[in-house]
Amino acid sequence: MIFLENYKNVLNNLPEYITEAEVNAERKVSTLIGVSGGQIVKTDVSDVTSIYVRASGNKTGYAYTEDLSEDPGKVILKAYNNGIVSDSNKTDRLNSPETAFNPQNTAKYATVKKDYAVSSPDIVEKAVSLERQVRSAVPSINTCFVNIRVDTFSSRVINSKGVDVSFTRNVVYAQVKATAEILGDSVDASCSVSAPSFAGIDSGELVDRIKNSFKNKIEAGAFSPGEYPVVLSRNVGINIMITAWQLFSGLKYCDGSTALAGKLNEYIGSPALSIIDTPYHSGTGYCFPFDCEGTTGIETVLVDKGKFTGLLHNLNSSAHLNAEPTGNAGRVALLTGNLPTDIIVTPKICHIMPGTRSADELIREMGDGVYITESYDIFHSINIGSGDFAIPCRGIVIKDGKPHHAVNALTICGNLVNLFKNVEETGNDLLIDEFLLRSYCIGSPSIRIRKLQVNGK
């Protein structure tokens, strides 16, 4: 990112009316190859550098460009002028070198490999091999698609206070989508995993996940609505947490728009529930040493054995609550098509902590109940302000710890706080997946719930 040296010169010589400014450059280099029937059916190669600028006077304004040749002074002035005409009167805080990321103070930063390279033939070979394994393991498969993507992500933050931090990470992402004929119906299954290199992609684990997905497709039967003991699959847990992490946003806590507002340091879950946000995890190739403000990503315990102990902060929310920033500044606009220039709060790798027993053991322990295998409509099913949810899903009725029949049109209903309080045990099958423009990750194991309202027929 040599072009940033020109921005650095401008930051060191700002006009008097601009009190401070910041530039965050993010480069994503990606190669994706899709294989089906042993042949390449999809290719996608991209190399995009995004430049985010914010400049403050009486107010803070933002600008965005992908034109690396654009005059840095004009881009910073554009950000400043955007602030003048903005409806918002806020003035953002910027990091100082004393509080920004320092790789020497972060031992795990050494796990980010800057020199990892892979060729297209390597990707093709891995994809063809994985498809072959899936088809061999499940002979009833009609179609199978394997996508393998290799990303290199680089980020650098510089500002007028002297901050200059950077890092590069590499991620290999593998995804399998398959369709099989089961009980006269065409049934879909999919799974994915990420790692820092090909060596970390466990093909056998992906094959097992596809096999288990098809194993869950059994003869459907009738269902009576009511409160049941429930086991949520880890995929369902992830779908819930994709929205539920917002309960722990420092910004939402400040404005009272989370169901947990005012409950910090209170017990909001059972002793079996712990939730953590961390910049690194061995279960994924993603890592987040610092956020888009240059703040070091730290491990934050959000829920400790049922106790609400932490929040996700950017510089703004941490200042409002007189707390330490946690490296959770982000720009993703959750449900809009707007260009995400404003600074908000996003997770890093937010996940429910796993337990010690397998999902099969949780189901056997449940006895009679419902195993929820899939869920849908992840954005519109949960109200973060109230905590209420009504999530469409499908599952399997369990009797004496064994699958009895499937139910394809279910809805699980309740409140997130009540759900947290009814967690009896988490499984040992933690799954972490990328989400929303690959900007953060969400993880969950299987979860055994003491009781939950399940509607269906």
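**Exercise 1.** In this predicted model, find the bridge partner of Ala180 in E6. Then describe how E5 and E6 are joined.

*Solution.* 
- Step 1. Look across from Ala180 to E6: the bridge partner is Val187.
- Step 2. E5 covers residues 164-182, and E6 covers 185-195.
- Step 3. Read the pairing. E5 and E6 run antiparallel and are joined by 11 bridges.
- Step 4. Check the connection. The two strands form a hairpin, with 2 residues between them. Leu183 sits in the turn and has a positive phi of about 55°.

**Exercise 2.** Work out the strand order of the sheet and say which strands stand at the edges.

*Solution.* 
- Step 1. Write the order: E3-E2-E1-E4-E5-E6. This is an open sheet of 6 strands, and the pairing is antiparallel.
- Step 2. Go to the edges. E3 (60-65) and E6 stand there. Each has a single partner strand, so one side of each lacks a neighbour in the sheet.
- Step 3. On average, neighbouring strands are turned by 20° against each other, direction ignored.

**Exercise 3.** Describe the pairing of E1 with E4, then find which helices touch E4.

*Solution.* 
- Step 1. Take E1 (residues 20-36) and E4 (residues 141-159). They run antiparallel, with 14 bridges between them.
- Step 2. H1 lies across E1, E2, E3, E4 and E5, at about 35° to E4.

Note on methods: Residues are numbered from 1 along each chain as its sequence is written. This is a predicted model: local features need pLDDT of at least 70, side-chain atom pairs count only at pLDDT 80 or more; totals for chains, interfaces and linings use all residues. Side-chain values use heavy atoms; hydrogens and water are left out. Two strands pair if DSSP finds at least two bridges between them. Helices (H or I, at least four residues) and strands (E, at least two) are DSSP runs, numbered from the N terminus. Axes are lines fitted to C-alpha atoms, for helices over the stretch in contact, and angles run from 0 to 180 degrees between N-to-C directions. Contact means heavy atoms within 4.5 Å.
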